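Please study the sequence and the three-dimensional view below before reading on.

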Amino acid sequence: MKWWQKGIIYEIYPKSFYDSNGDGIGDLPGIVTKLPYLKELGVDAIWLTPIYLSPQVDNGYDVADYRKVDPMFGSNHDLERLIEQAHKNGLKIILDMVANHTSDQCVWFKESKKSRNNYFSDFYIWRDPKPDGSAPNNWAASFGGSAWTYVPERRQYYLHYYAAQQPDLNWENPLVRQYVFDAMRYWKAQGVDGWRLDVITQISKDLSFKDVKGLPGQKYVPLKNTSGPHMHQFIHELNQQVLSPFEMMSVGEAPNSSIDEILKLTAPEREELDMAFSFEHMRIDKAAGKHGEIAVKKPDFKQLKDVLSKMQTELADKAWNALYFENHDRSRIPSRWGNDKEYRYESATAFATILHGLCGTPFIFQGEEIGMTNPTYSVDEYEDIDLKNKYQEQVEEKHLLTTEEFLNIEHKIARDNGRTPMQWDTSPNAGFTQGKPWYKVNPDYKQINVKVDIASKKSIFKYYQKLIALRHQEDILTEGKYQEMMPEDKNIFAYYRVLENKRWLVVVNMTDRQIESDQVKDLIKDYRSVILHNYKSKEISATLAPYEAYIVQK
Ligand code: GLC
Ligand code: CA
């Protein structure tokens, strides 16, 4: 077993975690202050979203200098101190490598855009305009609009899968790969233990640059831009040049990847990545807007079971799962799939039980461990460039949605839902900062914060503590075989974990209704020993209360 197979990884969004100097922005010294908190929770590693120098167009996912900590977070020295203190506390540090693109303020890009024949010219993806002067093709950027922006100095367009300020690197150029690998080695030398690799499945482009077919009237068409022709080759090289020689853990972000692709990325003998974040299970409440606009539907929990179970089964003995429900691009689970009012505790712990009972490495996003919720902000209270661009395009320009419809959707799925400041206590700004927070604190912070949660009889934090401790103590949770039970049921998630002659049963009601189930009755017949249960004073039975969850053994 590797440390990351037995471990639990906690994701920190530094800007919103804890502000140590009153400028309203969370920072590295702030994280050092909170290490005892993470120790108490019991996690094994911290993944920091990007802390490098950045104009913050996409909250740090637009890197201007890979070797420099942005002054808003502190100094390189502060990061060294954080690594040192974390290690002293037995916590590993995972950084985020954003290598599909840089910021347009990165010196590589500033040079590249100057001319067609300098040292950096081929660091990015430049193409001539079509004869009529328009973009080389009809590809859409993820954050809306065309994926191409024109630069007069070169009389060419450059490609950007995200915002125009995030030009895509040209991985076909061996120099680009060397520069990226060198930056990673630099941080290894500072003691970093591993990497989360941002949209790593997009680094290899479809070199034909052909137009793609879209919906009628669609000017720019989103393309399936993952798993390009050289992706596996580039990732294998990254593995051989950096990850393997320096024994660094890796988890790649893999939007759109099928299970087969995830297997290729993570099967150890292929020497690519340790783990990959699949997106499929997060699509159970996404709908297809007729004209490409954002849309949601009621979560389909049968689909959640199918997707997660398939992943468990297909990766078993072949590769290792990365398990998550929340992160900085996702909203809060009690608000999204559960009930963030009368069953906040129950629904937060129910989904936590499903996730942490599975085989793989669980990732917890800051605030998830206290059941933080989605705020219901107005349009101008959002910060995210993705949301803002989509609002402009889909509501203001194309009138595909009204403001109200747009907000109803974003209140469920906006990325900003997870990015509000961490709620520590009942003091002003939830104890996140002594100054003015960079981003509005969720107004529910007086009821929902670390201090109140830990003191409460129904503490989500304490439930997480137990889940984490169980994973550390019980090999069945890391090594046990997964077996789904009652797969046809739409509301109840039930599965076994089996190791030698030990067998655990996980049962979770994913609805806000009481459910009586004969199948559960059969399942729990001889299972009388309770390992974990989110209804303290209730007996284990086949009548499941709203969001009731338990783990039992014979
Ligand atoms: C990843 C990040 C997201 C970012 C995008 C572009 O999906 O998680 O926050 O906007 O990549 O870098
Ligand atoms: Ca600060």
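Which residues does Thr373 touch, not counting residues up to four places away in sequence? Thr373 touches Arg332, Ser335, Asp340, Arg344, Asn417, Asn442, Asp444 and Ile448, where contact means heavy atoms within 4.5 Å. This is a predicted model, in which local features need pLDDT of at least 70 and side-chain atom pairs count only at pLDDT 80 or more, while totals for chains, interfaces and linings use all residues. Residues are numbered from 1 along each chain as its sequence is written, chains are lettered from A and ligands numbered from 1 in the order in which they are written, and side-chain values use heavy atoms, leaving out hydrogens and water.

Thr373 is placed in the loop between strand E13 (361-365) and helix H12 (385-397). Helices (H or I, at least four residues) and strands (E, at least two) are DSSP runs, numbered from the N terminus. Thr373 counts as buried because its relative accessibility is 4%; buried means under 20% relative accessible area, exposed over 50%, and partly exposed in between (1.4 Å probe, protein chains only).

Elsewhere, an open sheet has five strands in the order E14-E15-E16-E20-E18, with antiparallel pairing; two strands pair if DSSP finds at least two bridges between them. Strand E14 (481-485) and strand E18 (529-533) stand at the edges, each with a single partner strand, so one side of each has no neighbour in the sheet. E18 pairs with strand E20 (residues 549-553) over four bridges in the antiparallel sense.

The protein chain is divided into domain 1 (3-100 + 174-461), domain 2 (107-159) and domain 3 (480-553), with bounds from an automatic or database domain assignment.
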